[in-house]
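Work through the exercises below with the sequence and the structure in view. Each task is followed by a solution in steps.

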Amino acid sequence: DRLIGKAPDLKGRTILITAGPTREPLDPVRFISNHSSGKMGYALARQATLRGAQVVLISGPTNIEPPVGLYKFIPVETALEMEKAVLDNFNQAQVVIKAAAVADFRPKKYNLGKIKKQDGGMVIELVKNPDILQELGQKKQQQVLVGFAAETDEPEKNAVDKLKRKNLDFIVLNDITQEGAGFGSDTNIVKIIYRDGRIEVLPRMLKRDVADAILDRVLPYLN
Ligand code: CTP
Ligand code: CA
């Protein structure tokens with residue numbers, strides 16, 4: 001690996017990373033979810049581990065093997081389970097990177113039995129899930145907080161709004177309309193937006209390299 005021989009610049013740091021989608025069940029056989037593959041979050045967990053960090057990976061369902069050497073791996077299904085796991089581990093972390101694609105809504109009611117089909121259409125009532133990152137932004141003490149934004153329209157404006165609303169140190173913007181960016185891809189095209197309004201444009205890179213670029217940018221916020 002190209003990181004062998006690199007200084008373990010995250011040694012002694014605890015980094016909490018969330019990855020993957022969440023699943024919001026309707027009944028025992030069905031759920032609402034999204035296209036997140038988990039690749040970006042797992043790449044972050046792997047690179048942070050290789051750089052010496054103690055990594056807590058909280059992950060929704062993915063097809064990826066957890067990286068070797070994690071400090072803790074906490075698999076979750078729903079946004080509410082992810083919220084609990086994140087809050088339970090927040091105080092001991094110096095850095096939180098929220099790469100998970102949390103479902104914004106969940107079905108209001110879970111059906112214990114399988115919902116049977118019927119004539120005509122059907123309406124599913126949804127209720128809002130908590131915004132986990134926004135809660136962390138309110139609670140934050142010394143932590144470095146990094147979020148992601150997946151956007152299709154007015155990406156920079158929306159990302160800046162999220163950066164402020166969630167009280168982040170910086171936000172990684174994914175324009176998911178671009179080829180070679182976002183869901184399922186091994187590469188990503190991102191912009192990094194800082195609190196002072198600075199926008200850094202990165203070229204298309206492997207998610208592993210995007211992960212290292214993000215971790216490089218966390219370093220100056222530590223100490
Ligand atoms: N996020 C979160 N909890 C939620 C929703 C989002 O912690 N319930 C986090 C994501 O992990 C990501 C960031 O917030 O780091 C932005 O997620 P995104 O879906 O782009 O933004 P939202 O605030 O949910 O707004 P919208 O989906 O309407 O664009
Ligand atoms: Ca969302």
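**Exercise 1.** Find which residues come nearest to ligand 1, and state which elements give two or more residues to its shell.

*Solution.* Step 1: the shell around ligand 1 holds 14 residues, and Lys 98, Val 102, Ile 132, Leu 133 and Gly 147 come nearest; a residue is near a molecule if its C-beta atom, placed from the backbone, lies within 6 Å of it. Step 2: two or more residues each come from α3 and β9, where helices (H or I, at least four residues) and strands (E, at least two) are DSSP runs numbered from the N terminus. Step 3: β9 gives the largest share, four residues. Step 4: by type, the shell has eight nonpolar, two polar and four charged residues. Here Ala, Val, Leu, Ile, Met, Phe, Trp, Tyr, Cys and Pro count as nonpolar, Asp, Glu, Lys and Arg as charged, and the others, Gly among them, as polar.

The model is predicted: local features need pLDDT of at least 70, side-chain atom pairs count only at pLDDT 80 or more, and totals for chains, interfaces and linings use all residues. Residues are numbered from 1 along each chain as its sequence is written, while chains are lettered from A and ligands numbered from 1 in the order in which they are written.

**Exercise 2.** List the buried residues of helix α3 (residues 132-139), and say what covers them.

*Solution.* Step 1: the buried residues are Ile 132, Leu 133, Leu 136 and Gly 137; buried means 20 or more other C-beta atoms within 10 Å of the residue's own, exposed 12 or fewer, and partly exposed in between, with C-beta atoms placed from the backbone. Step 2: seen down the axis of α3, these residues fall within an arc of 140°, so they line one face of the helix; the arc is that of the directions from the helix axis to the C-beta atoms. Step 3: their cover includes α2 (79-90), β6 (95-98) and β9 (144-151).

**Exercise 3.** Which residues of the largest nonpolar core touch the most other members?

*Solution.* Step 1: a nonpolar core is a set of buried Ala, Val, Leu, Ile, Met, Phe, Trp, Tyr and Cys residues joined through C-beta atoms within 7 Å. Step 2: in the largest, with 53 residues, the answer is Ile 15, Ile 17, Leu 44, Val 146 and Ile 171. Step 3: helix α1 (residues 39-50) gives this core its largest share, six residues.

**Exercise 4.** Is Tyr 194 buried or partly exposed?

*Solution.* Step 1: Tyr 194 lies in strand β12 (residues 190-194). Step 2: because 15 other C-beta atoms lie within 10 Å, Tyr 194 is partly exposed.

Note on methods
Contact = placed C-beta atoms within 7 Å.
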